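Here is a brief report on local features of one model.

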Amino acid sequence: MAGKIPQHFIDDLLARADIVEVIDSRVKLRKTGKNYSACCPFHDEKTPSFTVSPQKQFYYCFGCGANGNAVGFLMEYDRLGFPEAVEKLAASQGLEVPREQLAPGQEQRQRRSQSLYQITEKAADYFRAQLREHPSAGRAIAYLRQRGLSGEIARDFGIGLAPPGWDNLLNHLGDSAEKADQLELAGLAIRRQDSDGTTKPGARHHYDRFRNRIMFPIRDRQGRAIAFGGRVLGDEKPKYLNSPETPIFHKGRELYGLWEARQANRELERLILVEGYMDVVALAQFGIRCAVATLGTACGEEHIQLAFRHAPELVFCFDGDRAGRSAARRAMESALPQMQDGHSLRFLLLPEGEDPDTLVRQLGGERFTQLIEEQARPLEDFLFDLLAEGINLQTMDGRARLSKLAAPLLDQLPAGVYRQLMFQQLAARTGLDRDTLEEVISTEKTRAQAAQVQTQAQPRREPQPEQAGAERPPGPDDHGDIPPPPEYEPAREPRRSPSPEPRRSGQYRLPAERMLIALLLHHPQLAQQIGDSRRFLDSDHPDLRLFGEVLEVIHQRPDCNQNQFFGHWMAHKDKQSLEILTRLSSNHPIAGNHDRQMEYDPQAEFSDCLRRLELAEQKRRNRDLLEQLKGGSGKLSAEEQMALLAHWRRSRE
């Protein structure tokens, strides 16, 4: 069974391949100085902002932020998975891709997964064929036509038919006991049992899970059928039947229609989250090819994370009845921790009795899109209005109630500009200042802990780093006074050990955690200053954990160049961290005028950032000790008392 592609092969492949040739064969490049440029293939533009560096073997778009190496370009442009992109690049170089030998347990799991992928694909083919050929298909076709679906849309979504009968799929695919067991493991067959739970001897042990239903294949991000949803054609219950969870299908991690939306859109600007399969398909029929649906479960944090990885804006489109409003609230609460700067969330509650399927057929695609543009409410309005229902904000008691309801929810927002603006909105609606709202949050947390009979206080929530917005980062040829990218902060001189060269006005620096990462990417030799990365890998701060991972890779591969580093990261790490690293590697660690960026000492900056983190950690520990004293939760040790005394003396200096 094929294992992983060896990292040394990926490194050699990236060293052999010329990214200029790879991209130029698909997008015509023009020489501009030492680099090449073109209009970006990943978003519409008239002025070229897409740059390819033959020296770094890297591409970057200053308009949309697309970036990566040759493998990454093939993944995005040719819409391939990582292994397929490596295979394609290797073929262009006349190389055969080797595979590592898997451990016995890994090989067994991979073999099982491969067999399940194959059997679900064969089942999807079978259901599609039955919609064309089975004698009872006329009823299903009439139903789809009645719902306004064309043959093209049915083809694009792979819609099929599970015909009436107990063992049609079993007869087609389960011609042996082993294959029947595989169908059961894939969620396509159910094992027969006696009333006492024992299997009937001497009889067929399985029957089809899906019978007399229109079938909607659920595809993963590689386009493979991994599960199914079935819509009944008769009066049977339930109306919709979904596959159970299997080794290759976890409903909390998948969105129906996401693969189809990605195929229909080179760049997804928005995803519309709806409740049902037919909602997704009906919207696509009317030209709205960006709708997705959860799979018979409430919209959770993993759904939101997945959606935001593919589009910056999400619109929840639910029925306006009580169930729809309840679903919208649950989705809102799941989305709050994911609202990084640059993410947008809106809600459209439809008139009671309507759903996206029925409404788009009444209004048409253009009018439905206009409805979203004009009436979908942003998160801030939806949240405050939902919480304020039944509360008289003209009274002090009403404003107090709103603050108690809203402040703990807003506390789930990650650190950033959006969080600050949301607290400003709450302050404006309640008349309370930020300090008072923080007290409300603290009080509500204490109450929640007491209600759950917790013996220890919950760990302190560390602020999350601000994420970069959509503004264009400074380019290598820019001059003049350029405002800093959103994730940069004004430069501050170290308190006790100033840099050898004072920084001029107009320069900006990243927060310390991200500054460390950026410095490592531009100057990997700095990793020699830190022998052990474990203290960073165990940190509660996500950027410090990312810094620890970068350290670990550089320690393991000290001689790799930046192109090889990103090839390794792409093969072994997640896409979200890759996007952060490529953005940090594309911008200079200190933003400002191009001729001023060289006025910094990487060694001094690196040491300064580490010192700032140590001071911040010491202050946090001291604050915790003070809180411990104030709360009367216990006596301090002699060492803790000395630390507090030293902190008090420094504060008096």
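## Hairpin and neighbouring strands

Strands β1 and β2 form a hairpin, with 2 residues between them. In the turn, glycine 33 has a positive phi of about 70 degrees. The model is predicted, so local features need pLDDT of at least 70.

β1 covers residues 30–32 and β2 covers residues 35–38. The two strands run antiparallel and are joined by 3 bridges. Lysine 31 has tyrosine 36 of β2 as its bridge partner.

β2 also pairs with β3. Here too the strands run antiparallel, and 3 bridges join them. Tyrosine 36 has valine 52 of β3 as its bridge partner.

Which loop holds glutamine 57? It is the loop between β3 (50–53) and β4 (58–61). Asparagine 212 lies in the loop between β8 (206–208) and β9 (213–219). Neither residue is a glycine, yet glutamine 57 has a positive phi, and asparagine 212 has a positive phi. The values are listed here.

| Residue | Phi | Relative accessibility |
|---|---|---|
| Glutamine 57 | about 55 degrees | 14% |
| Asparagine 212 | about 55 degrees | 14% |

Glutamine 57 counts as buried because its relative accessibility is 14%, and buried means under 20%. Asparagine 212, at 14%, counts as buried as well.

## Cysteines

How many disulfides does the structure hold? The number is 0. Cysteine 39 is in no disulfide; the nearest cysteine sulfur belongs to cysteine 40 and is 8.8 Å away. A disulfide would need the sulfur atoms within 2.5 Å.

Is cysteine 609 buried or exposed? Cysteine 609 counts as buried because its relative accessibility is 0%. Cysteine 39 counts as partly exposed, at 33% relative accessibility.

## A buried aspartate

Aspartate 319 is found in strand β14, residues 313–319. Aspartate 319 is buried, yet has no salt bridge. Which side chain of opposite charge is nearest to aspartate 319? That is lysine 239, 9.6 Å away. A salt bridge needs a side-chain nitrogen within 4 Å of a carboxyl oxygen.

What does aspartate 319 contact, leaving aside its neighbours within four places in sequence? The contacts include Glu275, Glu354 and Asp355. Arg325 is also among them. Gly324, Leu349, Leu350 and Pro356 are in contact with aspartate 319 too.

Conventions: Residues numbered from 1 in each chain as written. Predicted model: local features only at pLDDT ≥ 70, side-chain atom pairs only at ≥ 80, totals over all residues. Heavy atoms only, no water. Buried < 20%, exposed > 50% of the residue type's maximum accessible area, 1.4 Å probe, protein only. Helix = DSSP H or I, 4+ residues; strand = E, 2+ residues; numbered from the N terminus. Pairing = 2+ DSSP bridges. Lys, Arg positive; Asp, Glu negative; His and termini not counted. Contact = heavy atoms within 4.5 Å.
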